[in-house]
Each structure stands twice: as C-alpha cells, then as structure tokens.
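Here is a short report to read beside the model. Keep the sequence and the 3D view open as you go.

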Amino acid sequence: MSTVVPKPRKAFEDGPADEAQERLPIAGPAEVRRAFVRILADDRGRAVQVLVLYLLAAVFSTALPVLLGQVVDGIGAGWSVARINAVCSVLVGCVAVQFVLSRLGRRAGYRFGERAAAQLRERVVVRVLRLPLDRVERAGRGDLGTRTAADVNTVADLLRDHGPIVATSLIEVVVLYAAMFVIDPLLGLAALVTLVPLMLAARRYLRRASGAFVEQRAALSEAAETLSASGAGSQTVAALALQRRRRDLGYRRGEQVFGTFARVVVLQSEFFMVLLWLNRIQVALVLLVSGLWYFEGGLTVGAAAAAATIAVRISNPTNAVMTHLGEFQQGAAALARIEGVGLVESAPREAVPSGSDLRLDAVTFGYGDGPDVLHGLSLHPRPGERLVVVGPSGAGKSTIARLLAGIDRPRSGAATLGGVAVGDIGVEELRRRVVLVTQEHYVFTATLRDNLVLAAPEAGDATLLEALRRVDAGWALEAGLDVMLGDEHRRLSTAEAQQIALARVVVADPDVVILDEATAGIDPASAGRVETALAAALAGRTVIAIAHQLQAAASADRIAVVEAGRIAEEGSHAELLAAGGVYAGLWHAWRGE
Amino acid sequence: MPSPPRATTPLRLLTGLAGRHWRRVLLGSICFACAGATAMSQLWMIGKVIDDGLIARDGEAFARWIGIIACTAIVQGFLWSRGFRLFGTADARAQRSIVRRLTDRLNLAGTGIRGRVSAGELVNLPSEDSRRATRAIAETGFLLNNTAMFTTGVVLVWTIHPLLGVVIVAGSLLTALLAGPLLGRLQQRQSDYRAHIGHLTADAADIVGGLRVLRGIGGDVLFAERYRARSDALRDMGYQVANPSSWIHALRHSMPILFVAAITWTGAILAVRGDITIGGLASASSFATIFIAVSGNFLSSANFFVAAWVGAKRIARVLSVESDIADEGAATGATGTLRDGVSGLTVQVGALTVVVTAETAPAQEACERLARYRESDARWGDLPLADFALAEVRERIMLLTDEDYLFAESLRSTLRVDPDAALAAVEAACAADVYTGLGSDLDAQVAEGGRNLSGGQRQRLRLARALAAEPETLLAVEPTSAVDSHTESLIAERVAATRAEATTVVVTASPLWLAHADRVVWMVDGKVHAEGAHSDLLADPDYRRLASHLETA
C-alpha cells in the first residue's frame with residue numbers, strides 16, 4: 001500500500017488559502033493624485049460650478065462682519081436709526097443671497113459627489129471582473145473584497161459628504177482671511193501668524209495618527225474575527241471545553257481595542273488642545289495688533305470690531321477642516337488600494353482554438369517558488385469520452401484540473417486546447433468550450449434563475465427547469481425559479497449548492513466539462529444518482545472527472561491513476577482490474593474486499 | 001428548557017457602561033463645563049477690550065484684557081483637552097467591556113447562538129455597533145460642553161442687554177424647532193439611501209466571492225450590468241436626496257447667520273440709542289458667531305444618540321441570548337450504554353460501532369442527541385441523559401463532525417496535549433502532511449477556520465484533535481469523507497487500534513471502516529434497521545449492496 005505524499009503547499013488544491021500570499025499592488029502617491037485629478041476632470045463643468053457657488057456664498061456671508069464694522073463706525077459718526085436699518089437690511093439681503101447660493105452649491109456638490117462615487121464603484125467592478133484569476137487567488141479574496149466594498153465606500157463618503165464640507169470650509173477660511181486683509185493688510189498678516197504653528201501641529205498629528213488609526217482598525221477587525229470564530233465554533237468550544245481559552249483571547253482583544261482607542265484619544269486631545277489655543281491666540285493677536293494700530297490712528301474702532309468678529313469666526317471652518325483631515329488621509333489610502341486593482345498586469349488572452357481537443361503534453365508545474373507538483377505529465381482526454389482521474393490526496397489531481405481549465409500555466413510542456421495554449425485563449429471563448437466545477441461552489445445572493453443563467457442569459461425557464469431535473473434538485477423545482485438564494489434569504493446546504501453548480505454547467509453546455517470532486521459533499525446515495533443523471537445530461541461532451549473516491553470510476557470510458565504528480569496507470573476499469581496494479585488495489589480496498 | 005432571556009435593555013447597557021466610570025465622567029463633565037464657560041467669557045472680554053481699552057484709550061486696561069484673554073485661552077484649551085481625554089478614555093473602556101461581555105455571553109450561550117446570531121452580526125457587534133453605542137458616552141461630554149457654552153453665553157449676553165438675550169434664546173429655539181424636524185426627515189431619507197449602499201456593497205462582495213464562477217462559467221457581463229444598473233439607480237436616488245438635503249443644509253447653515261444678522265441689527269439700534277456700548281455690540285456679534293457652531297453641535301449630538309441607541313439595541317439583544325441546552329442535571333458517575341430513543345441507536349461500551357447508512361443527516365442528528373447538542377429523551381445507563389451534569393456529558397462524550405471549527409492558534413494549542421501525544425494523534429489520523437506542510441513545527445499557526453489547510457487536511461486535523469483528547473466516548477460523523485481510500489483504510493486501522501479500550505461510534509458509508517468494526521449498525525431512514533457483526537449482516541443483499549459501494553458504482 002502506498003503512503004500519502006506530503007505536499008508543501010496543499011492549500012492551493014481546493015482554492016488557495018485566504019491568508020495573504022501576494023497582495024495586490026497599491027498605487028503610489030502620484031497615481032493617487034492623478035486619480036483625484038481625473039475624478040475632478042471627468043465632471044469638470046460641475047466641479048467649477050460647485051467651486052464658484054461655494055465661493056460666492058462665502059463672500060456674501062463675510063458681508064456680516066464687514067457691515068458690522070461700518071455700523072460701528074457709523075454709530076460713532078452719528079448715523080440715524082433709519083440709516084442703520086437701511087444698512088442692516090442690506091445685511092439681511094446678503095444672508096438671503098448667501099442662503100440661495102449655498103443651497104445651489106450644496107446641491108451641485110452632492111450631485112458631483114454622487115456621480116463621481118457611482119463612476120468609481122462601477123469602474124472598480126469592471127476591473128475586478130477582468131483580473132486574472134490566478135492573481136486574485138494568490139492575493140487572497142479578502143484583500144479584493146475589502147477594496148471593492150470598504151475602500152469604495154470610504155472614497156464615496158469622502159466625495160459625497162466630507163469632501164463638500166472641507167471644500168466649503170476651506171473656501172470660507174480663504175475668504176475670511178481675504179476679508180481680514182481688505183479691512184487692513186496689517187491685521188491680515190497678524191491673523192496669518194498662527195497659520196504656521198497650525199500647519200506644523202496638523203502635520204505632526206497626521207503623521208502620528210495615521211499609524212494609530214490603522215492599528216485601531218486592525219484591533220477592531222481582530223476583535224470581530226475572534227468573536228465570530230467563537231460564534232462559528234460554538235459547538236467546538238463546548239465540546240473541547242475551550243471557554244477559558246476563548247475568554248482569555250476575547251479579553252485580550254478587548255484590551256487591544258482599548259489600547260488603540262486610548263492612544264487615538266491621547267493624540268486627538270493633544271492636537272485639539274493646540275487647535276483651541278491657536279484659535280483664541282489668533283483672536284488675541286488680532287485684537288492686540290488692531291489696538292496698537294488704532295492707538296497709532298491707523299484704524300477705526302469699527303474696523304477693529306469687524307476684525308475681532310472675523311477672527312472669532314475663522315475658528316469654525318478652520319476646526320472643520322482640521323477634524324476632517326483624518327478622513328482625507330483615509331480616503332487617499334483607500335483610493336490608493338482601489339487604483340492598485342487597475343495596476344495588476346494581465347497577459348492578453350487572444351488565441352483562438354481550432355476545435356475542442358484538450359491535452360496536457362509533458363507538463364511540469366509547481367505553485368509559486370515551490371517544488372514541482374507535476375513531473376512531465378501527459379494526459380489526452382479524447383473528445384466525447386468520460387475520463388476519470390483518481391489517486392490519493394495530494395497526488396496533483398486538482399492541479400491537472402487547473403492546468404486544463406487554463407487557470408495556471410505549466411512551467412514546461414504544454415496545456416493546449418485546439419492546438420493553442422489554454423492560458424492564451426480569451427476567457428469568453430474558453431468558457432464556451434471548457435468549464436471547471438470544483439468543490440468550492442458559490443451561490444450568489446440572487447434569484448435561482450439568475451444563479452443558473454450565468455452562461456446563457458437568454459435561456460428560457462424550460463431549459464433551466466430541465467437542468468435542475470437533471471441534477472436531481474427536487475427542492476429547487478419545488479421552490480421555483482424566482483426564489484431568492486443566499487445566506488440572508490435561503491441558505492443552501494453543501495449538497496444543494498453543489499446541485500446548483502452542476503445545473504449551471506448543464507445550462508452552459510460546454511464541449512468539455514472538468515469536475516473536480518464536484519459531488520464530494522453529497523450523500524453517497526444521492527451522489528450516485530447525481531453522477532448518473534449528469535452523465536446522461538452531458539452525453540456527447542468530453543467529461544474529465546477527478547475523484548479521490550471511486551464512485552464514478554467503474555462507469556468511465558477510461559481511468560487515469562495519478563500518483564505523486566505522474567500518471568501511474570491508464571485504461572478502462574476492466575483493463576486496470578485485470579492488470580492488478582495500483583487501481584486494482586484501490587478498488588478492492590474501496591469495495592471492502 | 002432554556003430559562004427566559006434576561007432583560008438587557010439598551011438603556012441599561014448604556015447607563016451601566018457609563019456608570020462604571022462615573023468618577024471619570026464626572027471629572028470630565030466639570031472640565032468640559034468649565035471649558036465651555038471660559039470660552040464664552042472670552043467673547044465678553046472682547047467687548048471689554050474695545051470699550052475699556054480702545055474707546056477709553058486706556059493702554060493699561062487694553063493690555064490687561066488681552067492678557068486675560070490669552071491666559072484663559074490656555075486654560076480653556078487645557079480643560080477641554082482634559083475633558084476630551086477623560087470621556088474618550090471612558091468610551092474606550094466601555095468598548096473594552098462590550099468586547100468582554102460579548103465574549104462571556106458567547107461562552108455562556110454556547111450553541112444557543114446558532115441560528116439566532118448571524119456571522120455578519122458577530123463581525124459588526126464588537127466593531128461598528130460597539131463603536132456607535134459607546135459614542136454616546138463621549139457625546140454626553142460634548143453635549144455638556146455645548147450646554148455650558150450656551151448657558152454662559154445667554155447669561156453674558158443678557159448682561160449686555162436683556163433684549164439681546166431674548167433674541168438669542170428665541171433665535172436658538174427657532175433654529176432648533178425648524179432644523180430639528182427637517183433633520184429628522186433628512187435622516188429618514190439618508191437611512192433609506194444608506195440601506196441601498198449596503199445592498200450595493202453586498203452585490204460587489206458577491207461578485208468578488210463568486211469571481212471564479214463568473215469567470216469560469218460566465219455571467220460576468222450579466223453581473224457587471226446588474227451592478228451598473230443598481231449603482232446608477234443609487235446615484236439617481238442620491239440626486240433625489242440631494243434636493244431636499246441641500247435645502248436643509250443651506251437652511252441649517254444660513255439660519256444661524258440670519259440670527260447673527262438679527263443680533264447685529266438689534267445691537268446696532270441699541271447702541272445708537274446708547275443702551276449698549278460699541279464693545280457690547282462687538283461681543284454680541286461674536287457670541288452669535290459661536291452660537292452657530294453650538295447649535296450645529298446640538299443637532300449632531302442628537303444624531304449620535306440615535307445611532308448609539310441602535311447599536312446598543314443590537315448588542316443588548318445578543319447579550320440576552322441564552323444557551324439552548326439546559327444545565328439543570330446534577331447526576332454524575334454515569335455507567336452503562338447510551339441510548340437514543342428516536343433512532344433506536346445504542347452505543348456499546350468499549351467497542352467500535354460503525355453506523356452504516358445512505359443518509360448521513362439523520363444519523364448525525366442521532367449522534368447530536370447522544371452528545372447532548374440537541375435536547376431529547378436519550379438515556380445514559382438508567383437515567384435520562386438530561387439528568388446528568390452537562391460538564392460530565394461534555395467531558396466524557398465527544399462529538400466529531402465536519403462542522404467542528406479550527407481556531408487560529410498553533411498546532412500545539414490545537415491538539416491541546418504534550419508533543420508526544422500530539423504527534424501520536426497526528427500519526428493515527430494520518431495527518432502527518434499537515435504537520436510537515438506547516439514546516440514540521442508544532443508552533444506553526446493554523447489560520448482561522450483552518451483556511452491555510454485543504455479540506456482533507458482540515459478533516460484529518462479535526463480527527464487528530466478529537467483523538468488527542470482521548471474522550472471516553474467518541475461519536476464521529478463521516479470522519480474520513482474527504483480522504484482517499486488508501487488513507488481512509490489506514491485511518492480506520494489506526495483509530496481502531498488507538499481506541500481499542502474506548503467507546504467509539506463512526507457514522508460512515510465507507511466499507512473500509514467495517515473491517516475494523518466490533519459491531520455494525522445499519523440505519524435506514526434515520527432508524528436502526530439491523531445490527532450485528534459485519535459478516536452476519538452481509539447475508540442481506542441490500543446491506544451487501546450498500547456496504548460494498550455497489551449501490552453507487
């Protein structure tokens with residue numbers, strides 16, 4: 001009896017592990033800048049419109065302190081109540097204009113952000129669908145998932161909410177400083193003094209906080225992972241009395257959450273303290289300079305009063321910008337990850353096969369930098385035949401399937417379909433001819449119909465129902481094509497999900513079907529029925545079935561036995577039994593003889 | 001029967017969390033209140049600078065008031081920052097206690113959470129929900145700070161002139177009355193909109209999750225189209241939200257400015273009549289400017305409290321989940337056979353029983369009843385199983401299924417025994433490739449859920465873990481379904497040898513186990529159909545067909 005051959009990176013066999021092997025690229029600062037500029041340029045007209053409206057609104061709102069100065073000086077000059085009323089009516093008029101402008105600006109800003117966010121997320125999804133599959137699997141699906149979900153939402157929030165707030169605040173700040181200069185250039189300069197320490201404090205805060213925010217998020221997601229593992233493994237916790245260990249781990253996660261949050265609080269409290277100091281020191285400075293200047297006769301009381309009010313007012317938009325700095329930083333980081341998806345290089349796949357003759361010729365293959373898993377293996381399924389590949393776990397059966405399906409390319413030798421390398425054939429062309437079904441059977445959160453029609457959007461209900469009948473999915477026939485599937489709606493068992501996967505193939509109707517342990521999760525009794533039904537459904541097609549158990553072998557046209565990355569034996573069931581080799585041994589063991 | 005859920009209400013949760021840190025919260029409140037009062041007095045001092053300094057042309061008074069403003073600015077910043085730190089720390093501590101309480105609850109509820117708390121919820125609870133809920137604590141601080149600013153401001157403006165005080169109070173009330181309901185409506189719209197964002201995010205996740213299917217079989221165009229259509233619909237919905245929300249935002253932004261204009265106007269008339277000073281007018285105008293920020297803060301506090309309530313409600317619900325298995329029995333020291341009434345399955349002590357069946361599900365349920373993961377009238381010796389202390393049942397009877405979980409920890413911690421015993425268990429389960437694959441190191445890490453292992457490796461590692469625990473009774477459901485025949489045969493042989501003296505049940509359809517069985521139970525439709533030695537049962541042609549794979553071959 002042969003022993004199992006250990007394989008160093010077995011994880012690749014049924015879909016690589018989720019752990020990070022080779023993360024997707026992240027765009028550099030220059031690319032992120034370009035991306036921001038592109039977002040603005042894509043909707044140039046509206047961007048300009050938004051800026052102009054915000055600017056005008058800010059200008060009209062500064063009428064308040066400016067007119068206040070006029071009124072103060074007017075009172076000194078002995079204005080009448082009527083004159084005051086007239087000036088103040090202008091004031092209210094300015095506020096009204098500001099109201100209309102800021103409403104229009106807001107609306108345009110929302111629409112700009114909304115459109116940009118939609119464009120961003122749609123572009124990401126299109127890019128994701130074009131990524132080379134082997135690259136995605138090497139990166140781990142979690143990475144891509146975060147980029148398409150959380151990162152896209154972060155940037156969208158920035159475009160829709162935080163962006164407009166910061167833009168309006170920045171414009172307001174600029175206009176207020178300008179107003180200060182208009183009142184008196186000396187006061188403008190006095191107000192600018194605190195800007196330098198403010199910039200320095202902000203830079204220091206951002207540098208320290210960005211790491212702290214990353215740690216904070218990491219601590220939260222680790223706590224989430226630990227708790228959801230405790231939930232998913234509740235029976236195991238009970239069975240192995242792991243309560244103590246889960247408690248210790250959970251408490252440790254709680255401690256990490258506390259530690260990272262406390263650190264952020266300290267950083268923020270320090271920064272905000274400096275911010276508040278600078279707010280009021282600016283007011284004091286402006287008061288001081290305007291007073292000295294007033295004593296020198298360079299300024300009226302009204303101008304001094306107006307300058308003080310402006311200085312008080314600058315703090316509101318300044319603090320709004322400062323408290324949103326973090327969001328900009330996070331948005332830029334998210335955009336860098338999103339743009340990174342577009343940096344994945346994919347070799348052009350344009351070859352066109354002539355015919356559907358699929359073969360492996362003397363292929364060697366290994367994962368990453370690992371050792372060879374296949375050693376000069378050749379396999380030639382004849383068109384229309386049902387070939388079963390059997391062998392012990394770890395022999396390289398699933399690797400054969402991945403090479404045949406064009407997911408991976410051999411290190412040497414050739415995997416060809418219709419005379420051209422499988423990995424060079426365009427995805428759409430390839431999947432019309434070759435379809436691989438693995439143990440990993442994904443069910444989309446969509447109707448049963450949408451889950452089936454993938455390959456043939458025009459397929460009628462009759463075709464779909466027939467496919468379900470073929471794979472013996474009685475439950476699905478009962479539920480109807482409009483039933484919603486997915487965890488929130490109807491959670492499928494492994495067996496049911498497998499039936500869906502198989503029914504998809506029946507609907508797709510390709511020339512070659514590769515089944516990699518495709519019935520492994522179904523009850524032994526049903527597995528037999530499904531295999532038989534599937535064989536009938538796929539009659540005339542080339543079927544390559546990979547199995548570690550022998551259900552399907554006896555009825556196959558030909559059997560290939562793989563051991564340690566090589567074909568050990570090939571032939572029909574009867575021939576191999578008669579040969580008395582590896583297969584015969586397996587068969588007798590399996591039959592319990 | 002599980003006891004009725006203990007009432008953990010959102011309010012009790014929040015007050016409990018804050019109450020535990022009452023000293024910190026109290027000190028923080030004092031800091032925030034003083035900071036707010038100081039901030040507002042500075043505005044009053046601006047009037048003093050203008051009146052006593054500038055207009056009176058008094059250099060000394062001018063310098064004094066500027067100096068006081070600068071000093072109080074330092075104190076105010078310091079107090080605010082202290083308050084922020086105290087409340088922020090209380091908030092962080094509250095988050096820590098939420099994670100702890102959830103951890104404890106999961107341990108207490110055990111399998112009771114299955115079907116009641118989804119995996120997605122468990123991800124959100126300690127992160128999003130707890131963040132939202134504890135934000136209520138920090139927000140209370142801000143609310144206090146703003147209230148202090150508001151009250152001090154009103155009092156100081158009142159001292160300038162009562163009419164101005166009236167305008168400020170009336171204006172603030174008007175702002176709150178007008179903006180409050182508008183904000184409520186905006187929130188409603190935005191929460192609908194947020195829900196749609198959630199759906200769209202789920203769609204994107206679906207595309208990534210099923211990427212292999214979409215690329216391998218097709219549907220990428222279909223799903224991309226569907227996503228685009230939904231994304232565009234969301235955009236249009238966003239446009240619609242933009243109309244009312246831009247009105248509301250503009251109103252929110254402009255109302256306080258209008259209010260400043262009203263104060264300035266009133267103040268100007270009072271000043272012209274000589275009722276207030278010029279400095280008083282400048283102060284009043286500055287007060288109104290700061291009230292803009294204060295009224296906005298009141299409204300956003302309200303938003304945070306609503307969000308906190310929602311988060312606290314979710315957490316409170318999970319903290320109320322109870323165990324689905326009652327632990328009311330007290331009996332210990334059970335002897336005799338385990339018997340499941342529903343299926344008729346009995347477990348013979350000290351033997352390897354192989355349960356042969358074409359339908360795994362009902363046999364698994366029978367094992368779950370015998371291991372008390374389902375309540376039933378199963379018996380252990382002379383007494384109902386439920387009469388025994390749960391700890392005794394868990395310690396002496398172990399269930400092994402494919403749903404068992406592999407936690408993120410080292411191989412050593414996974415196997416939970418000394419290295420020799422661990423390696424022996426690995427050997428017995430033919431899991432040597434797991435060990436060598438991880439670098440032949442017991443300290444190598446198994447990823448969460450065993451993600452860095454293949455399906456077959458996970459199954460064998462779970463078996464090794466169960467064998468290492470050496471339970472008196474092991475109920476194993478399809479322990480070798482993902483293993484090839486050669487290896488399966490080896491495992492059957494080794495398990496039979498290692499557990500020669502112990503009680504073992506293996507539910508399987510594989511004949512490879514039968515050769516090692518002391519006793520075979522043949523189950524049909526979830527009921528025991530026949531039992532005896534494998535060789536005796538072979539007399540039945542149906543059994544023979546099932547036990548030699550003829551049915552499926």
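This is a predicted model: local features need pLDDT of at least 70, side-chain atom pairs count only at pLDDT 80 or more; totals for chains, interfaces and linings use all residues.

How far apart do the C-alpha centres of domain 1 of chain A and domain 2 of chain A lie? They lie 55 Å apart.

## Domains

Chain A is assigned two domains. Domain 1 takes residues 26-184 and 299-341, and domain 2 takes residues 358-591.

Chain B is assigned domain 1 (1-159 + 308-324), domain 2 (162-275) and domain 3 (338-408 + 470-547). Between domain 1 of chain B and domain 3 of chain B, the C-alpha centres are 57 Å apart.

## Annotated spans

UniProt, in an unreviewed entry, marks residues 26-307 of chain B as "domain: ABC transmembrane type-1". In the model that stretch is 92% helix and 0% strand. Its end C-alpha atoms are 23 Å apart.

For chain B, the unreviewed UniProt entry also lists "transmembrane region" at residues 25-47, 62-80, 141-160, 166-184, 255-274 and 286-310. Residues 25-47 of chain B are 100% helix and 0% strand, with end C-alpha atoms 34 Å apart. Residues 141-160 of chain B are also 100% helix and 0% strand. There the end C-alpha atoms are 29 Å apart.

For chain A, an unreviewed UniProt entry gives "transmembrane region" at residues 48-68, 80-101, 257-278 and 284-312. Residues 48-68 of chain A are 95% helix and 0% strand, and the ends are 31 Å apart by C-alpha. Residues 284-312 of chain A are 83% helix and 0% strand. The end C-alpha atoms of this span are 10 Å apart.

## Where the chains meet

The contact takes 140 residues from chain A and 148 residues from chain B. On the side of chain A, helix H10 (residues 243-295) gives the largest share, 27 residues. By class, that side has 82 nonpolar, 32 polar and 26 charged residues.

## Helix H3 of chain A

H3(A) is mostly covered, with 10 of its 14 residues buried. Among the buried residues are A:Leu64, A:Leu67, A:Leu68, A:Val71, A:Val72 and A:Ile75. A:Gly69 and A:Gln70 of H3(A) are buried too. Just after H3(A), A:Gly78 takes a positive phi of about 80°.

A:Leu158 sits in helix H6 (residues 141-183) of chain A. Is A:Leu158 buried or exposed? A:Leu158 is buried, because 24 other C-beta atoms lie within 10 Å, and the cut-off for buried is 20 or more.

Leaving out residues up to four places away in sequence, A:Leu158 touches A:Gly163, A:Glu327, A:Phe328 and A:Gly331. A:Gly331 is 173 residues from A:Leu158 along the chain, yet their C-alpha atoms are separated by 6.4 Å.

## Strand S3 of chain A

Strand S3 (residues 386-390) of chain A has five of its five residues buried, so S3(A) is largely enclosed by the rest of the structure. A:Arg386, A:Val388 and A:Val390 point one way from S3(A). A:Leu387 and A:Val389 point the other way.

S3(A) has partners in S8(A) and S9(A). With strand S8 (residues 542-547) of chain A, S3(A) pairs in the parallel sense over five bridges. In that pairing, A:Val388 stands opposite A:Ala545. With strand S9 (residues 558-563) of chain A, S3(A) runs parallel and is joined by four bridges. Here A:Val390 stands opposite A:Val561.

## A four-strand sheet in chain B

Strands of a sheet pair through backbone hydrogen bonds, either parallel or antiparallel. Which sense does the open sheet S2-S1-S4-S5 of chain B use? The pairing in this sheet of four strands is antiparallel. Strand S2 (346-347) and strand S5 (383-384) of chain B are the edge strands, and each pairs on one side only.

Strand S1 (residues 338-339) and strand S4 (residues 379-380) of chain B pair over two bridges, in the antiparallel sense. B:Leu338 stands opposite B:Trp380 in S4(B).

Key: Residues are numbered from 1 along each chain as its sequence is written. Chains are lettered from A and ligands numbered from 1 in the order in which they are written. Domain bounds come from an automatic or database domain assignment. Two strands pair if DSSP finds at least two bridges between them. Two residues are in contact if their C-beta atoms, placed from the backbone, lie within 7 Å. Ala, Val, Leu, Ile, Met, Phe, Trp, Tyr, Cys and Pro count as nonpolar, Asp, Glu, Lys and Arg as charged, and the others, Gly among them, as polar. A residue is buried if 20 or more other C-beta atoms lie within 10 Å of its own, exposed if 12 or fewer, and partly exposed in between; C-beta atoms are placed from the backbone. UniProt positions are given in the numbering used here, feature names are shortened, and annotations may be inferred rather than shown by experiment.
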